[in-house]
Structure formats: structure tokens, C-alpha cells
Amino acid sequence: MIHQSLLQAIGNTPIVRLPALSSVLNINVFAKLESFNPGGSHKVRIAYAMVQDAESRGILTRGSGQTVIEPSGGNTGIGLAMVCNNLGYKLVLVIPDNYSVQKQHLLRLYGATVVQSDSSKGNNSHGEKAMELQLKHPNYVMLNQQRNAANPEVHRNTTAQEIVSDFSELDMHCFVSGIGTGGHITGIGEVLKTHWTDLKVIGVEPIQCNIKSNVHAPHKIQGLSIGLVPPILNLDIVDEMVGVDYEDCVRMAANILKTDSISMGLSSAANLVAIKRIADSLRPGANVLTMVYDGIESYVPEITQQTAGLYEQPCTA
Ligand SMILES: Cc1ncc(COP(=O)(O)O)c(C=O)c1O
């Protein structure tokens, strides 16, 4: 298939069964590989949808060179950079200073202006800094993924529909996914629950946090628990939250490469840690779907540092 631009190649990502993990847990674990999207994550879907929505409301005009500003932990930034470059906008991204340096370099290569926020000020330091900058530059357009209804909507209209179509001949018993802005769990969870009325939707969060009780502690799993209950999150569709430990996610991201060989970042590994935790409560053979948001590449330095010595193979050659 020939696409007229990269933006047309967004979506229709594959779902794969993880045979090794499924066999260990005695359930069927499936993952939708959003890492196959242009830019390597699910966030390009919302980047394009939010820009299209702003255009349809006359806030942005294609080719105008207007500046878009957004707080982003990296993936929304990459998606927005691709969308802005293709549609003729400038981009300013605000990123916490403890986030992947590699992603920050990458964003600059995409042509975005990157501003760092002071992560010691809390999990939403980049959101607050972006607000500050927008007040200084009122002509900047902030799409605000945490509040933008186009975020869950694109997951209702695309991601969820792709899943329903791929599972047309299978039952789904459980959907496990992390919560950052809450966009994808809301959009996908709502649609899946209308198709499988007994489906359990399990939310994943760092062990220190408890979104249902409004507890937001600092943590190291990028993309999850952003320091507030996002206005677009529909918590009513989340049946249960599972807290996961950062170290378990690091080990899972490293181990899964050796078994099912799926490249994934720490928030995606968090989903598998949560599935492992709940597997005993599911009936044998249950079908469980989760998401792989991005690949392991930009986390390699962090994972290597955390697992130093653990994965070195003796040289036998
Ligand atoms: C790597 C990663 N994982 C998970 C999430 C959470 O996705 P959502 O914002 O749809 O809740 C994000 C969001 O930024 C992310 O970048």
C-alpha cells in the first residue's frame, strides 16, 4: 500500500500472542503493538487527532507556521513533531528533566524546541511549566492531552475498532492497561465493554500511587501516573487497579526480550507485571489483551544500568 504521507500510516497495528508468557501463566496473553506506529508509539494517534480537531474548530490553520506547545514525556512529543512537520506548524515541548535524554535529543532532531521542567516539583512539573510558557506567549496553542476529548475519542474510533475487528472470532476476558492521561484506557475500555459485557478492565499504576484515592507519589515509570487524576479519564470503566514495582518492570522488559522477544518500554512491561500478578485470579485459558506502547530502544541505557551484571553472558567462544 502506498501512503501519501506518513500520517496515513498511523494505526492498524498488529496484535500478537505471547506464547512463552501465556504458557507460564496458563492464560492467553495478547499485546497490541502500538510501537509499530510511525514514531514508535500510540501517541501519534492522539497527536494527529488533536491537531485535526483544533483545525476543525479554527484554532489551528494548516501551513500557517503557528506554534503548538505541549507538555510531553516524549512519545506525544514525537507524534506531535511528525504531525507538525507534515502540516506546517512549529512545536515547543516541555519535558521533565528526569525523562529519557535520548528522547529529548530525538525531539530536537525532529525540529522541536525542547524546554525542560524541574521534575523535583512533582509528576506534573512539565504541565505546570507549559502553562507558564503559554501565559507568556498567548499565541501558542496548547492541545493539552490531559484534557483534550480528542484523545480518548481517537482510541474509541480507531484503536478500539481495530481490536474488536481482530477479536471478531475470540472472546476477550480481561483488558490490562496503564494510565497516563487516561486516553487509551478510557477510549478502548469503553468500547470493549460494550462488546464483551463481562470484560474486566484492569488499570496499572506505580505501586506508590493510588489514582482511585487521589494519591500521586513520585515514581520512575515514564508515561504512567502523571500527578493528577486526568479530566478525560473515565475511572468508572476501571474494575481494578494493580500497583507495580519499578524494578519488576525493568526485569520484565529485559526478560521478555529473551522469551517472547517483544521490544517494550517500562510502562508496557508494567502491564505484563500486572498480568502476572492477576493471572491466578483468571480462569485457565482466559484471553487477556494488553498494550505495548513503545519499544525498548530509548530505555536501554536505563535498563542496562539497573540490571548491571545480571544479564552479562560469559564469553565461551
Ligand atoms: C510510554 C507511555 N506509556 C503509557 C502512556 C499512557 O497512555 P495514556 O496517556 O493514553 O494513558 C504514555 C503516555 O504518555 C506513554 O508515553
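This is a predicted model: local features need pLDDT of at least 70, side-chain atom pairs count only at pLDDT 80 or more; totals for chains, interfaces and linings use all residues.
The mean pLDDT of the protein chain is 95. Of its residues, 97% reach 70 or more. Strand 2, residues 28–33, has the highest mean pLDDT, at 99. Helix 4, residues 101–109, has the lowest, at 88.

The domain assignment divides the protein chain into two parts. Domain 1 comprises 6–38 + 157–306, and domain 2 comprises 43–142. The centres of the two domains, taken over C-alpha atoms, are separated by 24 Å. Contact between them involves 21 residues of domain 1 and 17 residues of domain 2. On the domain 1 side, the touching residues divide into nine nonpolar, 11 polar and one charged.

The ligand is surrounded by 19 residues. The closest are Gly180, Thr181, His184, Gly223 and Ser267. Two elements give two or more residues to this shell: helix 3 (75–87) and helix 7 (183–195). Helix 7 provides the largest share, with three residues. By class, the shell contains 13 polar, four nonpolar and two charged residues. Both domain 1 and domain 2 give residues to the shell, so the ligand lies between them.

Nonpolar cores were examined next. The largest one has 50 residues. Within this core, Val29, Cys249, Ala253, Ala269 and Ala270 touch the most other members. Helix 9, residues 266–278, gives the core its largest share, seven residues. Another core lies apart from the largest one and has 33 residues. Val44, Ala49, Ala130 and Met142 are among the residues of this other core. Back in the largest core, the contacts of Ala269 can be listed. Leaving out residues up to four places away in sequence, Ala269 touches Cys249, Met252, Ala253, Ile256 and Met264.

Leu133 lies in helix 5, which spans residues 125–136. Val115 is 18 residues from Leu133 in sequence. In space, the C-alpha atoms of Leu133 and Val115 are 9.8 Å apart. Leu133 is partly exposed, because 17 other C-beta atoms lie within 10 Å. A buried residue would need 20 or more.

Most residues other than glycine have a negative phi. Asn144, however, has a positive phi, near 55°. Asn144 is in the loop between strand 6 (141–142) and helix 6 (150–166). Asn144 has 19 other C-beta atoms within 10 Å, so this residue is partly exposed. Ser261 also has a positive phi, near 60°. The place of Ser261 is the loop between helix 8 (246–258) and helix 9. Ser261 is exposed, because 9 other C-beta atoms lie within 10 Å. The cut-off for exposed is 12 or fewer.

Methods: Residues are numbered from 1 along each chain as its sequence is written. A residue is near a molecule or strand if its C-beta atom, placed from the backbone, lies within 6 Å of it. Helices (H or I, at least four residues) and strands (E, at least two) are DSSP runs, numbered from the N terminus. Ala, Val, Leu, Ile, Met, Phe, Trp, Tyr, Cys and Pro count as nonpolar, Asp, Glu, Lys and Arg as charged, and the others, Gly among them, as polar. Domain bounds come from an automatic or database domain assignment. pLDDT is the predictor's confidence in each residue, from 0 to 100. A nonpolar core is a set of buried Ala, Val, Leu, Ile, Met, Phe, Trp, Tyr and Cys residues joined through C-beta atoms within 7 Å. Two residues are in contact if their C-beta atoms, placed from the backbone, lie within 7 Å.
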